[in-house]
Amino acid sequence: MADNKRRGEDADDDRLNDDAVVDDGAEDDATDADEPVSRGGTATRSRARADSADSRKTRTDGDKVGLFGRLARFVREVVAELRKVIWPTRKELLTYTAVVIAFVTVMLTIVAVLDYGFAKGVLWVFGNPS
């Protein structure tokens, strides 16, 4: 408790040593001065060259994938996306189902009442032929 109440030069020595941060990246930045740096990023010439080399690769007529190859790739991609889905638990599924059924029932009731009311109104305005 006495250490917390110390004043003077040695009061914060322990905290200063723990909070000290060394920036190792400063030396690397100085040596790579000839490489362009975009605003907000660290794009280098080697990355730009690699990206441009990849973009020049195009498919030729000999590299065409057949119908079954495309279908197989589609199925693989669908399975991969379905693995990313967060599936609901049984309790959540039942809750969501109940909410949907209740909402549809309420909307069905509203539409039925409005339909009945408009039908009676039209028959009242135009008269009942029977």
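## The model and its confidence

Residues are numbered from 1 along each chain as its sequence is written. Because the model is predicted, local features need pLDDT of at least 70 and side-chain atom pairs count only at pLDDT 80 or more, while totals for chains, interfaces and linings use all residues, and side-chain values use heavy atoms, with hydrogens and water left out.

The pLDDT, which is the predictor's confidence in each residue on a scale from 0 to 100, has a mean of 75 over the chain, and 50% of the residues reach 70 or more. Among the elements of the chain, helix H1 (residues 13-19) has the lowest mean pLDDT, 52, whereas H5 has the highest, 96.

The chain holds five helices and zero strands, where helices (H or I, at least four residues) and strands (E, at least two) are DSSP runs numbered from the N terminus.

Helix H5 covers residues 90-126, and its 37 residues, at 1.5 Å a residue, should span 54 Å, which agrees with the 53 Å between its end C-alpha atoms; the expected span is 1.5 Å times one less than the number of residues. After H5 comes Gly-127, whose phi is positive, near 85°.

## Surface and nonpolar patch

Of the 130 residues in the chain, 1% are buried, where buried means under 20% relative accessible area, exposed over 50%, and partly exposed in between (1.4 Å probe, protein chains only). The accessible surface of the chain comes to about 12,800 Å², with 60% of it belonging to carbon and sulfur atoms; such areas come from the Shrake-Rupley method with a 1.4 Å probe, and for residues only the protein chains shown count as cover.

A nonpolar patch on the surface, with about 890 Å² of accessible area together, is formed by Phe-68, Leu-71, Phe-74, Val-75, Val-78, Val-79, Leu-82, Val-85 and Trp-87. Patches are made of residues with over 30% relative accessible area and no salt bridge, in which like charges are joined within 9 Å and nonpolar side chains (Val, Leu, Ile, Met, Phe, Trp, Tyr) within 5 Å.

Lys-84 and Glu-81 form a salt bridge at 3.2 Å, N to O, and they lie three residues apart in helix H4, about one turn of the helix. An α-helix has 3.6 residues a turn, so residues three or four places apart point the same way. Lys-84 counts as exposed at 60% relative accessibility, whereas Glu-81 is partly exposed at 46%.

How values were computed:
A salt bridge is a side-chain nitrogen of Lys or Arg within 4 Å of a carboxyl oxygen of Asp or Glu.
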